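Here's a friendly walk through one protein model. Have a look at it first, then read on.

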Amino acid sequence: MSGNGPILVYYDGLCPVCSREVALYRQLDRCGGIRWQDLADDGDASLDVDAAFRLLHVRDSGGRLHIGFDAHLLMWERLRGFRLLAWTLRRCRPGRFVAESVYLWLTARRPGLRRRQAASSGMNA
């Protein structure tokens with residue numbers, strides 16, 4: 001983990017699954033180690049927002065961007081109840097492979113992403 005300051009998690013507030021997950025994580029973040037930015041409300045010029053809608057993006061306290069499952073691990077390291085899981089998955093290659101595969105499969109099928117893809121293909125037609 002880079003630095004001890006807060007990390008910035010970018011999320012899709014229009015996705016009901018993402019919103020519920022973020023609500024849970026906010027409750028677990030009792031130390032205030034995570035800042036949250038809803039990309040549906042306010043984009044970020046430093047990001048490829050379309051890519052950020054497809055996979056989780058987290059900026060560490062040093063400014064480095066983490067994407068996908070690595071972003072989840074960074075976030076989980078800051079959350080009570082998830083720290084041990086993050087530590088284990090960073091060290092156990094088979095477990096990480098399975099968890100990352102499940103993450104990618106679920107992320108590609110989340111409702112918010114499918115709605116965005118349908119809307120953008122309708123706009124392009």
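## Ground rules

This is a predicted model, so local features need pLDDT of at least 70 and side-chain atom pairs count only at pLDDT 80 or more, while totals for chains, interfaces and linings use all residues. Residues are numbered from 1 along each chain as its sequence is written, and side-chain values use heavy atoms, leaving out hydrogens and water.

## The aromatic cluster

Searching the whole structure turns up 5 aromatic pairs. Rings of Phe, Tyr and Trp (its six-membered ring) pair if their centres lie within 6.5 Å; planes under 30 degrees apart are called stacked, over 60 edge-to-face, and the rest tilted. One cluster takes in Tyr-25, Phe-69, Trp-76, Phe-82 and Tyr-103.

Phe-69 pairs edge-to-face with Trp-76, at 6.1 Å centre to centre and 90° between the planes. Phe-69 has 3% relative accessibility, so it counts as buried (under 20% relative accessible area; exposed is over 50%, partly exposed in between, with a 1.4 Å probe and protein chains only). Phe-69 also forms a tilted pair with Tyr-103, 6.0 Å centre to centre with 50° between the planes. Because Phe-69 sits in helix H3 and Tyr-103 in helix H5, this pair ties together parts 34 residues apart in sequence. Helices (H or I, at least four residues) and strands (E, at least two) are DSSP runs, numbered from the N terminus.

## The largest pocket

How big is the largest pocket in volume? About 480 Å³, counted as the space filled by probe spheres set on grid points joined across faces, edges and corners. Of its 25 lining residues, the closest to the centre are Glu-21, His-72, Tyr-103, Thr-107 and Arg-110. A pocket here is an open set of points on a 1 Å grid over the protein atoms alone, where a 1.4 Å probe fits, with protein on both sides within 12 Å along at least five of seven lines; lining residues have an atom within 4 Å of a point.

## Two residues of helix H5

Arg-96 belongs to helix H5 (residues 93-108). Its side chain makes a polar contact of 2.2 Å with that of Asp-70 (N or O atoms within 3.5 Å, one able to donate a hydrogen and the other to accept it; residues adjacent in sequence count only if both atoms are side-chain atoms).

Leu-104 lies in helix H5 too. At 43% relative accessibility, Leu-104 counts as partly exposed. Leu-104 and Arg-54 are 50 residues apart in sequence, and 9.5 Å apart in space, C-alpha to C-alpha.
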